[in-house]
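Colleague: Could you walk me through this one? I would like to take it a piece at a time.

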Amino acid sequence: MMVEKIRSEKGNSASSAAAISSSPMAMLGDHQEGSNTTNPMRTAETLLRLLPIAPCVGALVLTLHNSQTNEFGSISYSHLGSFRYLVHANAICAGYSLLSAIISAMPRPFSMSQAWTFFFLDQLLTYLVLGAGAVSTEVLYLAYKGDVAITWTAACETFGRFCHKGTASVAITFLVVACYAMLSLISSYKLFSKYEAPLSKQPTKGIEVATFHG
């Protein structure tokens with residue numbers, strides 16, 4: 001009798017342990033633990049978000065130190081609105097890249113709000129830095145070629161060093177544009193891959209077949 005009692009107690013404890021391990025809370029804990037682990041996709045996205053920081057800072061510093069003085073006068077980046085816009089755009093992109101990389105590296109489960117936020121901000125920053133590079137390119141083109149219609153002479157013949165530095169900063173900015181274009185593709189994929197195409201429910205209609213009796 002004593003042996004049977006011990007066996008029954010062991011059986012009850014084993015069944016209770018199995019019930020606890022299969023409870024919803026335990027399964028939720030296992031799911032959260034598995035989702036918090038670092039995966040290759042998250043690591044790649046974090047590194048890609050860190051990638052634009054160096055060219056952003058490089059273009060920013062190069063533009064801030066871009067000035068030239070000679071016998072014809074002086075010119076600086078602050079004299080041109082497009083280059084001031086370039087400085088602000090690169091500064092914003094550098095700060096956002098660092099902040100988004102920190103958030104992306106955090107081991108947390110996937111949330112739709114975070115996916116929508118990254119999607120919106122990645123698109124916004126891409127167009128922001130693209131616009132800065134585009135308007136600066138236009139100004140540099142006029143500085144190199146001039147405009148005969150409005151008797152605007154080519155300024156780069158006089159301020160060559162300023163134009164060369166400006167060209168280098170614009171080229172680096174377009175490298176930032178390429179990085180943000182890839183980030184926009186990744187954030188778009190992560191967001192819209194969570195949605196499924198709606199199922200079309202069309203009512204089935206019976207086909208009436210005419211029969212002829214001979």
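Modeller: Here is a short tour by topic. This is a predicted model, in which local features need pLDDT of at least 70, side-chain atom pairs count only at pLDDT 80 or more, and totals for chains, interfaces and linings use all residues. Residues are numbered from 1 along each chain as its sequence is written, and side-chain values use heavy atoms, with hydrogens and water left out.

Colleague: Which residues of H4 are buried?

Modeller: In H4 the buried residues are Ile53, Pro55, Cys56, Ala59, Leu60 and Thr63, where buried means under 20% relative accessible area, exposed over 50%, and partly exposed in between (1.4 Å probe, protein chains only). Helices (H or I, at least four residues) and strands (E, at least two) are DSSP runs, numbered from the N terminus.

Colleague: And what covers them?

Modeller: The cover over the buried residues of H4 includes H3, H5 and helix H7 (160-192), with contact meaning heavy atoms within 4.5 Å.

Colleague: Switching topic, how do S1 and S2 run?

Modeller: Strand S1 (residues 67-70) and strand S2 (residues 73-76) run antiparallel and are joined by four bridges; two strands pair if DSSP finds at least two bridges between them. They form a hairpin, with two residues between them.

Colleague: Which residue is the bridge partner of Gln68?

Modeller: The partner of Gln68 is Ile75, in S2.

Colleague: Last one: is Ile102 buried or partly exposed?

Modeller: Ile102, which lies in helix H5, is partly exposed, with a relative accessible area of 46%.
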